[in-house]
Amino acid sequence: MRFRLFFLFLLNSCFTAVMPLADTIYANNFQSASASYSEWTADGNGNDAINLYQGNYSLRHDGLRTLTVKTSTQNYESVSLSADVAGLYLVSGDACYAEYSTDNGGSWQQIASVVNGQDNGALITGTVNAGLDDISALLIRFRAYTLYGNYCYGDNVLLTGAASTNPACDFDCFEGTGNVNRTNLTLSELFDSQPISLLDYSHYGVPIGASNPTNVFEGNLSLTITPGTLIEQGTNLASAYTNPNSLPAFNFSFVQHGTHIIPTERQIVNTGHSAWEWALLPGKVWDEASDNGYSRVALPFALQEINANCTHNGVMTFLFKNDGSVSNVAYQIAQETCTYFKFNLHGKVSASYTPASVNERDTIVANYESEYANRLPVKPLSSLSADFPTSSVLTANIGSDQSSADMTAYGVLYQGTHYRGSCQTRYGDYPFCEVMALPSYSTAKTIVAGLGTMRVEQKYAGSQQNLSVSDWVDECGATQWQDVTLLNALDMATGNYDSAVDSVDEGAQKTLDDFFLVSSHADKINHSCSYPRKASPATQFVYHTSDTYIVSRMLQQYYAHQEGSIRDYYSDLLVEDIFKPLNLNPLIYESKRTYSTQSQVWGGYGLTLTGDDFAKLGRFVGQSDGQLNGQSLLDNTLLREALQQTSAGGLSSGVGSRYQHSVWAYDLSASSQANCTTPTWLPYMSGFGGIGVVMMPNNMVYYYVSDNSEYGFIKTIKELEKISPICGL
């Protein structure tokens, strides 16, 4: 007897060791009069409601009504699905069904059913135990096939499974075992209430040895915001902001695809903070053996200043399980592109994770796969030496025009390869350089106003460049604007200004107060139109971001006149016609706009891009002649003039410098460093703080993003000329 009991004990222990533990993947018993079934999609003629019958709440429906919920069993095995159905008042031909589909609704399999004769209100349970493992999109539905008033009831949906011990991975998979040497941001540190310190960013990135995630993140993540620790780095401006040490409200949905986590919101988002807006970026998900069954997320993000372009990059990290368990979220910001406000900010906040199917998951994943696949091929900048061994190029000199401590990102596009420098921070390299959020500042003058004008000129017959400002901008109705054209404003040669001395108008206190710091269209356009006449149009260059704002307003007014008042030139002519075909990051699919009913695109600044975007735009403008797939999208004459490829070089903007159709140009022969005696004009985009996109005549693109007001690029050009000649082209 004792032997038998001991044998049974051993047998039970063995089975306990190998039996996978079931997790609840999805459950809904509708047990409340106010129970929410908002995640269920209703379709077909009929009615549905939460209904109380004999002390039990269930989901009542009739007619041809279907109610469908979408979930996933990805990375689960031994999956079981059960559901209850009942009926009342059914007649011959009526039926009530619980069904599921593993092919996005192409076909349906039955879980349980009730027909006439079984319609006594008693719930009938059906269970499916096979064919449900690792399904990325599982549809579950209740379906009525009855006369109106002949009721079906659905209840007690339960989907369970065991997390796969060797999870399937279908996108950008890891090869590690999960054995990771982790000393910071450990499981215990993420769950306890102790403060954290600033760390090297390698602790926030994917470590060597990471394995594929055994949990799948899909649903909503919300944070309970508490102030973090903010320490300024050489500036003294924090007191001018309200709550700069607190993150904005955070309540966002995400989907996971393989080892990637993708926010459903991909543009800049305002959630009500007085200082900051969110930029959420795609991150990574992985497992570590010491995380006790949790999967780990690293989510890059940026805080962008409201009504400005200053961008502060960070990463947050946390642990989660499929059942909704989630750790605290640790975050750190130790890098920015912002000349006037630099700081480190770090902290830990509590989180809530609500697993739920995201309705647009398939579209989000498909779009992300396309975005990922169409990024430029990347090599480290140092690979230039190996790829061009006879050039003797010293890659350390590339980017040396800017102080290394103030360089955010930089790279060279040549022969189809993006040679990318590291994205440096005050605490090591940023681990998500490929998606790092970069502000455009005034490079937007080229990307928005310049390309917008060239697109309009190409799209419509006639000569849009000669449109009169006063005809299209009501606030510029005074006499000094009646002879000023769209092209004059694009060239910053309106003849209307206070001072022709370099940057006096742009840096004036009234420009700061009445243009940059105001948020409404009325305020911005009133300032823009207020300058007095000092010279004839097209005779004097005076740098005015407000002139570019006028261009943006004219483009919107003209486009709405052509296509309808609700149409938006930025969304249609730039995003749909150019940015999406160029496979740019979704960050650029929206621009900063006025915080007013007009929602006017600023035009002169306010974009957010990646290094990949800067390189592609430089190639599109400087090398591809504004063509995509053999189709011209930009007016060729205006583009060639902007690139200094015609005799119409434009107005002087300084020694060896020109500004033409929103594009700057510099003559290498004007530099004592360049050793170039032949006039050689390099067109480039330029942005506040030290941002540039140089489009060289040897089919190279060099971009840099920095914030120490260092705008030069001659040292870099000299080094790149070792690979391919530039002078004289």
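## Rings, strands and domain contacts in a predicted model

Ring pairs join Phe 217, Phe 250, Phe 252, Phe 254, Trp 278, Phe 301, Phe 318, Phe 320 and Tyr 353 into a cluster. Rings of Phe, Tyr and Trp (its six-membered ring) pair if their centres lie within 6.5 Å; planes under 30 degrees apart count as stacked, over 60 as edge-to-face and the rest as tilted.

The model is predicted: local features need pLDDT of at least 70, side-chain atom pairs count only at pLDDT 80 or more, and totals for chains, interfaces and linings use all residues. Residues are numbered from 1 along each chain as its sequence is written, and side-chain values use heavy atoms, with hydrogens and water left out.

**Aromatic pairs and charges**

The whole structure holds 44 aromatic pairs. One of them is Trp 276 with Phe 341, a stacked pair at 6.2 Å centre to centre and 15° between the planes. Trp 276 lies in strand S16 (residues 276-280) and Phe 341 in the loop between strand S20 (329-337) and strand S21 (343-355), so the pair ties together parts that are 65 residues apart in sequence. Strands (E, at least two residues) and helices (H or I, at least four) are DSSP runs, numbered from the N terminus. Trp 276 and Phe 341 are both buried. Buried means under 20% relative accessible area, exposed over 50%, and partly exposed in between (1.4 Å probe, protein chains only).

Charged ends also sit over rings. The criterion is NZ of Lys or CZ of Arg within 6 Å of the ring centre and within 35 degrees of the ring normal.

| Charged residue | Ring | Distance to ring centre |
|---|---|---|
| Arg 60 | Tyr 151 | 4.3 Å |
| Lys 321 | Tyr 294 | 4.6 Å |

**Strand S5**

How many residues of strand S5 (residues 66-71) are buried? The count is 6 of the 6, so S5 is largely enclosed by the rest of the structure. Thr 66, Thr 68 and Lys 70 point one way, while Leu 67, Val 69 and Thr 71 point the other way. Strand S2 (residues 41-43) runs antiparallel to S5, joined by 3 bridges. Two strands pair if DSSP finds at least two bridges between them. Asp 43 stands opposite Thr 66. S5 is also antiparallel to strand S10 (residues 138-145), with 6 bridges. There, Lys 70 stands opposite Leu 139.

**Thr 160**

Thr 160 is in strand S11 (residues 151-163). Its relative accessibility is 18%, so Thr 160 counts as buried. Leaving out residues up to four places away in sequence, Thr 160 touches Ala 22, Asp 23, Thr 24, Ile 25, Ser 78, Val 79 and Ser 80. Contact means heavy atoms within 4.5 Å.

**Helix H11**

Helix H11 (residues 569-579) is mostly covered, with 8 of its 11 residues buried. Among them are Tyr 569, Tyr 570, Leu 573 and Phe 579. The buried residues of H11 pack against helix H5 (443-459), helix H10 (545-563), helix H12 (611-622) and strand S29 (627-628).

**Domains**

The protein is divided into domain 1 (23-163), domain 2 (187-370), domain 3 (375-436 + 610-728) and domain 4 (440-571). These bounds come from an automatic or database domain assignment. The C-alpha centres of domain 2 and domain 4 lie 38 Å apart. In contact are 5 residues of domain 2 and 7 residues of domain 4. The two domains bury about 380 Å² between them, 34% of it on carbon and sulfur atoms. Buried area is the accessible area (1.4 Å probe) that two parts lose on being put together, summed over both. On the domain 2 side, Asn 307, Asn 309 and Thr 337 lose the most area to domain 4, together 90% of what that side buries.
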